[in-house]
Structures are given as structure tokens and as C-alpha cells.
Amino acid sequence: MPRTTDGDGTPVPQRLLAAATRLFAEQGYDRTSVQEIVEAAGVTKGALYHYFGSKDDLLHEVYARVLRVQQERLDAFANADEPIEKRLRGAAADVVVTTIENLDDAMIFFRSMHHLSPEKNKQVRAERRRYHERFRALVEEGQASGVFSTATPADLVVDYHFGSVHHLSTWYRPDGPMGAQEVADHLADLLLRALRP
């Protein structure tokens, strides 16, 4: 059985994911070999295949781990006992911050999603759809209660916001003029302004 941690206690799966994320971001998924990943992580191929069945599984997990965090946080915003404007604004800003905090993962995913197997691709699409539907439900709740305008269909409102989020990896720089929270606040405010009755 492969070791589960290294000398400093970092679990092998985390080391593999960190190495894969760095290499996929630097040189692309298709130009990164399994051998390079295991060498960078300091483990054997056997360890990689123990935790991840394939390079494809690593690519899927790079994105899935971010989406899991975002889904948990969205669920918390959606279930909070607060006015709909505050819940939607919080959720809208949070997805921007968590995307920026995981910019390499987002960039890798949007650049390399087409490399996933059809089964994994379908799974990721279903996970993303669940997230988008929960977000859309917040918009629809506000529209149904008269707090938000119904002039624009909720689907378009969601596409508008997530188009901005998905585009972050092409322009946002950590050393740029705006921090993650500032960008998040601007985009969340734009969304709420678009929904004003």
C-alpha cells in the first residue's frame, strides 16, 4: 500500500493534485505526462494509480474540488435566514472570490475540459448544472417576490454573471490593481443593479 503522507505530513493525494495543478497550468494538460506529475509529487506511478485511476481523474478532481467548495458555500448562502438581496449578493461575490483563489484550477478546467472522458465530462456538466440551478433559484425567488425585476429571464441573468466569472482566468492577476474581494464586490453589485425593478 502506498504511503498516505510524506515527511511533513502532506497526504499523497494532495501532493499529486498540487503537482498536477501546477504542471497543467504551466504547460497544459495534454503536454503533461504522468511521469512528470509523479516526479514533481515525489511518489511512484503506483501511488498515483492507487488514488487516481488516470490522468483524466486528476483533471476531473482539479475542478471538482473547487466546485464542491463553491456548492457548499452557495448552499449556505441560499439557506441563510436573510433577505434575498443579501443572500444573492453574498453568493454572487463568493463565486468570484473562490474562483480567483483557485484561478489555476479554473484556467485548467476551461482550457482542458474537452480532454475529459465522455463519462467524466457528463459528470462535471451535471455538477455545474446543479450549482447554476441553485444560483438561478435565488434569482427566481427574488423575482417571484417582486424584489427583483422580471424583465430579464433568470437563465440569462445567471449566464451573464457566470460569463464574467468564467472569464476571470483570462485577465485577473493577483498583483493587479484590484484584489479578489474588490472584483467580487463590483461584479456582485453589477448583478444586483441589473435586477433592480
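Which element gives the largest share of the lining of the largest cavity? The views below lead to the answer.

This is a predicted model, in which local features need pLDDT of at least 70, side-chain atom pairs count only at pLDDT 80 or more, and totals for chains, interfaces and linings use all residues. Residues are numbered from 1 along each chain as its sequence is written, and side-chain values use heavy atoms, with hydrogens and water left out.

**View 1**
An unreviewed UniProt entry carries the annotation "domain: HTH tetR-type" for residues 10-70. UniProt positions follow the numbering used here, feature names are shortened, and annotations may be inferred rather than shown by experiment. Residues 10-70 are 77% helix and 0% strand. The end C-alpha atoms of this stretch are 23 Å apart. Helices (H or I, at least four residues) and strands (E, at least two) are DSSP runs, numbered from the N terminus.

**View 1. The largest cavity.**
One cavity of 30 Å³ or more turns up in a search of the whole structure. A cavity is a set of points, on a 1 Å grid over the protein atoms alone, where a 1.4 Å probe fits but cannot get out; lining residues have an atom within 4 Å of a point. The largest cavity holds about 140 Å³ of space. Grid points are joined across faces, edges and corners, and the volume is the space filled by probe spheres set on the points. The lining has 14 residues, and Y63, Q70, T99, V165 and H166 are the closest to the centre. Two or more lining residues come from each of α4 (55-79), α5 (84-101), α6 (103-112), α7 (118-144) and α8. Helix α4 gives the largest share, four residues.

Nine residues of the lining of the largest cavity are nonpolar, four are polar and one is charged. Here Ala, Val, Leu, Ile, Met, Phe, Trp, Tyr, Cys and Pro count as nonpolar, Asp, Glu, Lys and Arg as charged, and the others, Gly among them, as polar.

**View 2. K120 and D57.**
A salt bridge is a side-chain nitrogen of Lys or Arg within 4 Å of a carboxyl oxygen of Asp or Glu. The count comes to 14 salt bridges. One of them joins K120 to D57, with the closest N and O atoms 2.9 Å apart. K120 lies in helix α7 and D57 in helix α4, so the pair ties together parts 63 residues apart in sequence. Both K120 and D57 are buried. Buried means under 20% relative accessible area, exposed over 50%, and partly exposed in between (1.4 Å probe, protein chains only).

**View 3. R73 and D94.**
The closest N and O atoms of the R73 and D94 salt bridge are 2.4 Å apart. R73 is in helix α4 and D94 in helix α5, so the pair ties together parts 21 residues apart in sequence. R73 is partly exposed, at 39% relative accessible area. D94 is buried, at 6%.

**View 4. R89 and D185.**
R89 forms a salt bridge with D185, and their closest N and O atoms are 3.4 Å apart. This pair links distant parts of the chain, with R89 in helix α5 and D185 in helix α9, 96 residues apart. R89 counts as partly exposed at 25% relative accessibility. D185 is partly exposed too, with a relative accessible area of 27%.

**View 5. A salt-bridge network.**
Salt bridges link D75, R130 and R134 in a network.

**View 6. The loop at D175.**
D175 sits in the loop between α8 (154-171) and α9 (180-194). D175 counts as exposed because its relative accessibility is 70%. From D175 to V38 is 30 Å in space, C-alpha to C-alpha, and 137 residues in sequence.

Note on methods:
1 Å grid on protein atoms, 1.4 Å probe; cavity = no way out; pocket = protein on both sides within 12 Å on 5 of 7 lines; lining within 4 Å.
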